[in-house]
Amino acid sequence: MQSINPETQAAFDTISGGRRWVRRQGIQVALVVAGIFSAALGLKGFLLPNEFIDGGVTGISLLTNQLTGVSLSLLIVVINIPFIILGYFQLGRAFAVRTFLAILGLALVLLVISFPVLAKDKLLIAVFGGFFLGAGIGLAMRGGAVLDGTEILAVYISRKTPLSVGDIILVINILIFGVAAILLSIDTALYSILAYLSAAKTIDFIIEGIEEYTGVTIISQRSEEIRRMVTETLGRGATLYSGKSGYGSRGDRLQGIDIIFTVVTRLEVGRLTEEIDKLDPQAFVVMSSVRETKGGLVKKRPLH
C-alpha cells in the first residue's frame with residue numbers, strides 16, 4: 001500500500017479543516033437567525049401589545065419604550081452598546097462583532113416585520129411571550145452571541161466581587177421590576193416577572209442545562225498543544241492528570257496519556273470546542289455543569 005505524501009496529507013487536512021469551519025460557522029449563523037426571529041415573535045406577538053416587560057436590557061428597553069414612546073428597535077441597540085464594548089474587552093472581538101450583528105438584526109426585524117398578536121389572556125401572554133423570548137436568547141447564545149447584554153455585565157462584575165453571575169442578574173432584575181411596579185402597575189410587574197421566569201427557564205433548556213461555569217475534561221494524544229491553547233490563547237487555567245487509555249477502536253492499549261481539565265464560562269464553551277477541533281478533531285471532550293468556582297483564573301483573568 002502506497003503511503004500518502006506528507007505535503008498531500010497536510011493539504012487534505014487543511015481542506016477538511018476549512019470545510020468543518022464553514023459548516024460550523026453556517027450552523028452558528030442559522031442559530032442566531034432563528035434566535036432573532038423567536039425573540040421578535042415573543043416581543044411583538046405577546047409582550048409589546050400588552051405592555052409587559054422582561055428582565056435585563058430587553059426589559060429596560062421595553063420599560064423606556066412604554067414611558068417615552070421612543071422606538072424599541074433604537075432603544076435595544078443604544079442601550080446594548082456599552083455592554084457590547086465591555087464584551088469586546090472581556091470576551092474578544094469576534095464575540096463582540098457577532099453580538100452587535102445579532103442585536104442589530106433583532107432591531108431590524110422588530111422594525112420591519114409585523115407579527116400577529118397571538119394571545120389575549122394575560123397568563124398565556126406572560127408564559128409564551130417569555131418562552132419565545134427565552135428561546136431566542138438561548139439559540140443566539142448557542143450561536144456564539146447574545147441578544148441581551150446583562151449577562152456580559154454580570155460576568156464582569158462577578159470577577160470583581162464575591163457575587164455569582166446568577167446573584168447579579170437577580171439584583172438587576174429586581175430593580176427593573178421594582179421600577180415597573182412603581183411607574184406602570186403592580187399587576188403588570190407581576191405578570192412581567194412571570195414572563196421573565198418563563199424566559200429564564202427556556203434559556204436553561206435551550207442551552208441544555210449549562211450553568212454559569214462549565215467544567216471541561218479533554219482526552220487527546222495532542223494534550224500538550226491543547227494545554228498551551230487553553231492557557232495561552234484562552235487565558236484559562238488547566239489541570240493535568242496522568243492517565244492511561246483503555247479499550248478503544250484499535251483494541252486494548254494501556255498507553256500513558258495526559259488528561260486536561262479546565263473551567264470556562266458558558267459564553268466561552270463555543271470558542272474552546274472550536275480551538276480543540278482545530279488541533280485534534282478526534283479529541284474526547286466531556287462537559288459538566290459547575291454551579292460556582294472560587295480562586296483560580298476564571299475570575300482573575302480577562303475573558304478573551
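At what angle do helix α3 and helix α6 pack, and how far apart are their axes? The model is predicted.

1. Helix α3 covers residues 72-91 and helix α6 covers residues 150-160. They pack at an angle of about 50 degrees, and their axes are 9 Å apart. The two helices are therefore oblique to each other, since angles from 65 to 115 degrees would count as roughly perpendicular and those under 35 as roughly parallel. The crossing of α3 and α6 is left-handed.

2. Which residues make this contact? From α3 come Phe83, Leu86, Gly87 and Gln90. From α6 come Ile152, Leu153, Tyr156 and Arg159. Sorted by class, the contact of α3 with α6 has five nonpolar residues, two polar ones and one charged one.

3. The largest nonpolar core has 43 residues. Those with the most contacts inside this core are Leu47, Ile53, Leu106, Leu110 and Leu147. Two or more residues each are given by α1 (6-47), α2 (56-68), α3, α4 (93-112), α5 (122-142), α7 (165-183) and α8 (186-206). The most comes from α1, which gives eight residues.

4. Once its neighbours within four places in sequence are left aside, Leu106 is in contact with Ile36, Ala39, Ala40 and Ile76. Another core lies apart from the largest one. This other core has 13 residues, among them Ile226, Val230, Ile260 and Leu272.

5. Is Thr99 buried or exposed? Thr99 is found in helix α4. Its relative accessible area is 1%, so Thr99 is buried, the cut-off being under 20%. Leaving aside neighbours within four places in sequence, Thr99 is in contact with Ile84, Ala145 and Val146.

6. Leu133 lies in helix α5. With a relative accessibility of 2%, Leu133 also counts as buried. Which residues does Leu133 touch, not counting residues up to four places away in sequence? They are Ser38, Ala39, Gly42, Leu43, Leu47, Asp54 and Thr58.

7. A last point concerns Leu133 and Phe37. In sequence they are 96 residues apart. In space they are 9.2 Å apart, C-alpha to C-alpha.

Definitions and conventions. Residues are numbered from 1 along each chain as its sequence is written. This is a predicted model: local features need pLDDT of at least 70, side-chain atom pairs count only at pLDDT 80 or more; totals for chains, interfaces and linings use all residues. Side-chain values use heavy atoms; hydrogens and water are left out. Axes are lines fitted to C-alpha atoms, for helices over the stretch in contact, and angles run from 0 to 180 degrees between N-to-C directions. Helices (H or I, at least four residues) and strands (E, at least two) are DSSP runs, numbered from the N terminus. Angles under 35 degrees count as roughly parallel, over 145 as roughly antiparallel, 65 to 115 as roughly perpendicular and the rest as oblique. A crossing is left-handed if the near helix is turned anticlockwise from the far one by less than a right angle, and right-handed if clockwise. Contact means heavy atoms within 4.5 Å. Ala, Val, Leu, Ile, Met, Phe, Trp, Tyr, Cys and Pro count as nonpolar, Asp, Glu, Lys and Arg as charged, and the others, Gly among them, as polar. A nonpolar core is a set of buried Ala, Val, Leu, Ile, Met, Phe, Trp, Tyr and Cys residues joined through side-chain atoms within 4.5 Å. Buried means under 20% relative accessible area, exposed over 50%, partly exposed in between (1.4 Å probe, protein chains only).
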